[in-house]
Amino acid sequence: MPSILADLTAEYLTSIEPPADDLLEEMEAHARRDSIPIASREVATLQRILAIATDADRALEFGTAIGYSTIQVARTGCEVVTTEVDAERIAAAREYAERDGVADRIEIHERPALEALDDVEGPFDLVFIDAVKTEYSAYLERSFPMLRTGGVVVVDNALWDGEVADAHATGDPADEATEALLEFNGDFVDHPNLEAVVTPIDDGTGIAVKRD
Ligand code: DHB
Ligand code: MG
């Protein structure tokens with residue numbers, strides 16, 4: 001996913017990133033090689049920050065992929081319940097989690113996210129919305145009752161490579177994902193029980209906290 005930032009700013013931010021450890025580097029290379037859409041380093045770091053800040057015990061993630069952000073949240077001591085439909089990616093995620101010593105804190109549901117939720121119980125301290133873009137509104141609606149007050153939501157790809165802003169300007173969304181994200185972002189920032197913002201971090205990152 002190309003950056004929505006000006007090149008110079010994107011390059012600068014990359015230049016000040018601390019090096020990742022060997023396992024994360026290996027996972028990033030794996031994702032690049034097989035074109036697997038893992039979270040960016042910034043978004044994974046943001047999740048770790050929020051997991052630590054909220055003293056999170058349990059996180060719910062929509063879209064495991066190979067477990068890149070899953071493992072990083074689990075490293076904070078948080079249990080992660082996550083959903084993924086691709087068996088090969090799940091196998092890779094399990095193997096990486098084993099190697100990292102965090103497998104016992106990760107529960108992967110091998111089903112479409114909205115079906116998996118039938119077997120998931122809250123409460124959660126952190127919800128990470130990724131996976132199928134046209135389902136973001138349903139993910140928020142279904143996970144919201146399971147999120148504790150003071151719990152946080154992180155949303156990946158909220159600006160969708162600039163397409164969402166383009167659709168806002170032209171009134172003509174390029175695809176269903178763009179249309180869904182445009183509607184989702186509006187509902188997210190207007191949600192009566194969320195303090196929410198859509199930021200230009202990476203591919204557009206929504207951040208919210210649940211209030212009374
Ligand atoms: C795609 C999906 C993602 O979640 C992402 O972070 C980047 C790209 C995609 O489907 O193209
Ligand atoms: Mg994503």
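Biologist: What makes strand 2 and strand 3 a pair?
Modeller: Strand 2 (residues 79–83) and strand 3 (residues 106–109) share 4 bridges in the parallel sense, and DSSP needs to find at least two bridges for a pair, so they qualify. Thr 82 stands opposite Ile 108 in strand 3. By the way, this is a predicted model, where local features need pLDDT of at least 70, side-chain atom pairs count only at pLDDT 80 or more, and totals for chains, interfaces and linings use all residues. Residues are numbered from 1 along each chain as its sequence is written, chains are lettered from A and ligands numbered from 1 in written order, and side-chain values use heavy atoms, leaving out hydrogens and water.

Biologist: Why is Asp 130 called buried?
Modeller: Its relative accessible area is 8%, and buried means under 20% (exposed is over 50%, partly exposed in between; 1.4 Å probe, protein chains only), so Asp 130 counts as buried. Asp 156, at 3%, is buried too.

Biologist: How do you know the length of helix 3 agrees with expectation?
Modeller: The expected span is 1.5 Å times one less than the number of residues. For the 13 residues of helix 3 (residues 41–53) that should be 18 Å, and the end C-alpha atoms are 18 Å apart, so the two agree.

Terms used: Helices (H or I, at least four residues) and strands (E, at least two) are DSSP runs, numbered from the N terminus.
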